[in-house]
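Please read them with the structure open beside you.

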Amino acid sequence: MEPPMEQSGGEQEPGAVSRDSGVRQTDTHVTASRGRQRRFTPRLLDLPWEDVLLPHVLTWVPLRQLLRLQRVSRAFRALVQLHLAGLRRFDAAQVGPQIPRAALARLLRDAEGLQELALAPCHEWLSDEDLVPVLARNPQLRSVALAGCGQLSRRALGALTEGCPRLQRLSLAHCDWVDGLALRGLADRCPALEELDLTACRQLKDEAIVYLAQRRGAGLRSLSLAVNANVGDTAVQELARNCPQLEHLDLTGCLRVGSDGVRTLAEYCPALRSLRVRHCHHVAEPSLSRLRKRGVDIDVEPPLHQALVLLQDMAGFVPFVNLQV
Amino acid sequence: MPSIRLQGSDGEIFEVDVELAKQSVTIKAMLEDLVMDDEGDDDPIPLTNVNVAILKKVTQWCTHHKDDPPPPEDDENKEKQTDDITVWDQEFLKVGQRTLFELILAANYLDIEGLLNVTCKTVASMIKEKTEEIHKTFTVESDFTEEEEAQMRKEKLV
């Protein structure tokens, strides 16, 4: 088979199963300090795990392929598990369109330093029991995406706000279990919150949004309240007054939002860069014009007539157009 | 051009230009120690973990890359690409696995970031391309039992 090898620069993880039989491992420096070193053939897993393989090799390999590596040999499996334990970002979409529940549990079993977690592909079955332990083990989480995870409850959100004080970005889009109480809990305990997606969280009413604005508005940069028929001008105005850093606001389909809300936004939000108001039938063009002039990206096209007036104002000249009205 | 002498693990002495050698953070630190010690600078620097054959390859790489700008900060959010290795580096690294791994070990020991980077990316590409043939590519044998194999097949993730 292979000749006995001496280790050079290789570090075997203490917990890992020993590799192919017949290989003795000796400490690099002990060997080297004794003088000349016998030449040996390093193989892939002889490369230092912590210094080389994990930080410089495995980081370039897509997660999906790394998982297949687990089946090569015990040593490979140990290596991949070490890699998984050290993951900073986990996006379930990288694994595949569907992940069995047991597989997700195994993948995340050892991770303790996650900063980003995206689980939308698991939305059909992800429950509190699946998620809460992961949140508890990963207090460094900054970004969590749970779009469509309809099986979760306030309990999961509680675990998140309790355990992850650095939370900056959270998506709860289409989580219709999110109610006023849940949102208030979020507003109370997430000091670093900057981006929040509450698309189609249909239970939310103005009061909860107002609470959020007053409690957390100072740091809020991006908010989506799209498809929330219960949200109206009161909420929007309170957001405007309390969110000086607001850059992106999505009010698509917020049927109760009207021109008053938008005007207040224009007055108060100097940092606003984009606004979505499609299907907000009560938002009239004049209220949007001030924002348009500032260069805010708005998803609704101005009527042609208004466009010409705008052009005049912005460019300082009357465009030569043959307008059939 | 001032040069220094390096002694490889096999005892052989190898002379190299000082500025080139300083691409190795390890050697650079050793040189600074030596200057401070003010000892006779004729003693070669012992590099017990690298043989001279590999040292020569490393020097070749360092020579070609001596005017490289410092690498950009590692951006974790950036898409991880392994296909941006220059043609010269690709040619340089068309070596057997043994030499490739020895280069990695040398780059790690000598702390030469650019060389470590490009050699590791090359290995990563090999893993990516040949995931199905890892056993063959890297001469590894499975040491799982039959039952374990069956279990893994059952739990097949992808």
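**Notes on the interface of chain A and chain B**

1. In this predicted model, Glu148(B) and Arg74(A) form a salt bridge, and their closest N and O atoms are 3.0 Å apart. The count of salt bridges between chain A and chain B is one, so this pair, which lies within the 4 Å cut-off for such a bridge, deserves a look when you turn to the boundary between the chains.

2. On the side of chain A that touches chain B, the elements giving two or more residues are helix 1 (28-33), helix 2 (49-57), helix 3 (63-69), helix 4 (74-85) and helix 5 (101-108) of chain A. Helix 3 of chain A provides the largest share of that side, namely five residues.

3. As for the kinds of residue involved, the side of chain A that touches chain B consists of 21 nonpolar, nine polar and 13 charged residues.

4. How many residues of each chain take part in the contact? In chain A there are 43, and they are in contact with 43 residues of chain B. Between them the two chains bury about 4,100 Å², of which 60% is on carbon and sulfur atoms.

5. The unreviewed UniProt entry carries the annotation "domain: F-box" for residues 44-81 of chain A. In the model, this span is 63% helix and 0% strand, and its end C-alpha atoms lie 16 Å apart.

Terms used. Residues are numbered from 1 along each chain as its sequence is written. Chains are lettered from A and ligands numbered from 1 in the order in which they are written. This is a predicted model: local features need pLDDT of at least 70, side-chain atom pairs count only at pLDDT 80 or more; totals for chains, interfaces and linings use all residues. Side-chain values use heavy atoms; hydrogens and water are left out. UniProt positions are given in the numbering used here, feature names are shortened, and annotations may be inferred rather than shown by experiment. Helices (H or I, at least four residues) and strands (E, at least two) are DSSP runs, numbered from the N terminus. Contact means heavy atoms within 4.5 Å. Buried area is the accessible area (1.4 Å probe) that two parts lose on being put together, summed over both. A salt bridge is a side-chain nitrogen of Lys or Arg within 4 Å of a carboxyl oxygen of Asp or Glu. Ala, Val, Leu, Ile, Met, Phe, Trp, Tyr, Cys and Pro count as nonpolar, Asp, Glu, Lys and Arg as charged, and the others, Gly among them, as polar.
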